[in-house]
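Please work through the exercises below with the sequence and the model at hand. Each task is followed by a solution in steps.

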Amino acid sequence: MGPMLLHGKTAVIYGGGGAIGGAMARTFAQEGAHVFIAGRSLDKLERVAADIRALGGLVDIAQVDALDTSAVAEHTEQILTKAGCIDVAANAIGIVHVQGPPLAELELDDFLFPLTAYMKANFNIAKAVAKPMSEQGSGVILTLSTPGSRVAGIGFLGYGVTCAATETFSRLLAAELGGRGVRAICLRADAIPEALPISHARTVFEGFASRAGITVEEMFTARARQGALLQRAPTLREVAEFAAFAASDRAGAMTGAIANLTCGMVVD
């Protein structure tokens, strides 16, 4: 076994109490990082932190709303004071929004809400960590997207545009910060069935499933079998382990990339 991927690194994960964020936090800690997890629900953060501590990992928690610009900036300063640097910053927040209605039934506010909310969080986090990362000459900023950025369909107009915007944001961020040694990578993962009990996904996808007269679980299974080359969905572990690799020095040549973790739901 080689050295841990993130040994000695400091990582902050917003949405660290959620499904993907929690999986990333546990994996980052197992790979040697001191993990700072933030989110709006202390109970969820505590559960993830307990798992990490049980395995001997280093973790700190903070109740922070990623949509609050001042709160994110203040949290960044707190991490710098305690750890001295920030090597990895990930946005893994989940926001309940409307999916299912076609354009004719979609309200403007429901269309704009995911775009405004997710992009505000992406901006707040990137702006807060860009300066310390640039000053230290290294760092990685991770964002999350879905196949909605590429797939043409009905019922996810707002979120599809949001995912496309997130991917473009990550590419442009990589261009702006690359000369200072900072990398930006977007992870495009598909819907993950095992995340349903612990994320916002069930509420979001109920709009689709109810229109089809099936459960969300049935919808996920059918979608993966019919549309993904591997005939399955990605797992939380797969996404988290790739995130750890992307955040590590072993992926030092990677930036401006959209990592396809869709099991072949979309093909680049």
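**Exercise 1. Helix α7**

Determine what the buried residues of α7 pack against, and how these residues are arranged around the helix.

Solution. The buried residues of α7 pack against α6 (201-212). The model is a predicted one, in which local features need pLDDT of at least 70 and side-chain atom pairs count only at pLDDT 80 or more, while totals for chains, interfaces and linings use all residues. Residues are numbered from 1 along each chain as its sequence is written, and side-chain values use heavy atoms, with hydrogens and water left out.

Step 1: Helices (H or I, at least four residues) and strands (E, at least two) are DSSP runs, numbered from the N terminus. Helix α7 comprises twelve residues, 216-227, and its first and last C-alpha atoms are 16 Å apart, close to the 16 Å expected at 1.5 Å a residue. The expected span is 1.5 Å times one less than the number of residues.

Step 2: list the buried residues, namely Val216, Met219, Phe220 and Ala224. They lie on the same side of α7, because they cover an arc of only 120° around the axis. Buried means under 20% relative accessible area, exposed over 50%, and partly exposed in between (1.4 Å probe, protein chains only). The arc is that of the directions from the helix axis to the C-beta atoms.

Step 3: inspect the other side of α7, where Arg225 and Gln226 are exposed.

Step 4: recall the general rule. An α-helix has 3.6 residues a turn, so residues three or four places apart point the same way.

**Exercise 2. Helix α8**

Identify the buried residues of α8 and state what covers them.

Solution. Step 1: the twelve residues of helix α8 (residues 236-247) should span 16 Å at 1.5 Å a residue, and the 16 Å between the end C-alpha atoms agrees with this.

Step 1: Leu236, Val239, Ala240, Ala243, Ala244, Ala246 and Ala247 are the buried residues of α8. Their arc, seen down the axis, is 165°, so they line one face of the helix.

Step 2: the cover over these residues includes α1 (19-30), β4 (88-91), β5, β6 (182-189) and β7 (257-261).

**Exercise 3. Ala117**

Describe the surroundings of Ala117.

Solution. Step 1: Ala117 belongs to helix α4 and, at 3% relative accessibility, counts as buried.

Step 1: not counting residues up to four places away in sequence, Ala117 touches Leu67 and Ile95.

Step 2: His97 is 20 residues from Ala117 in sequence, and their C-alpha atoms are 9.8 Å apart in space.

Technical notes: Contact means heavy atoms within 4.5 Å.
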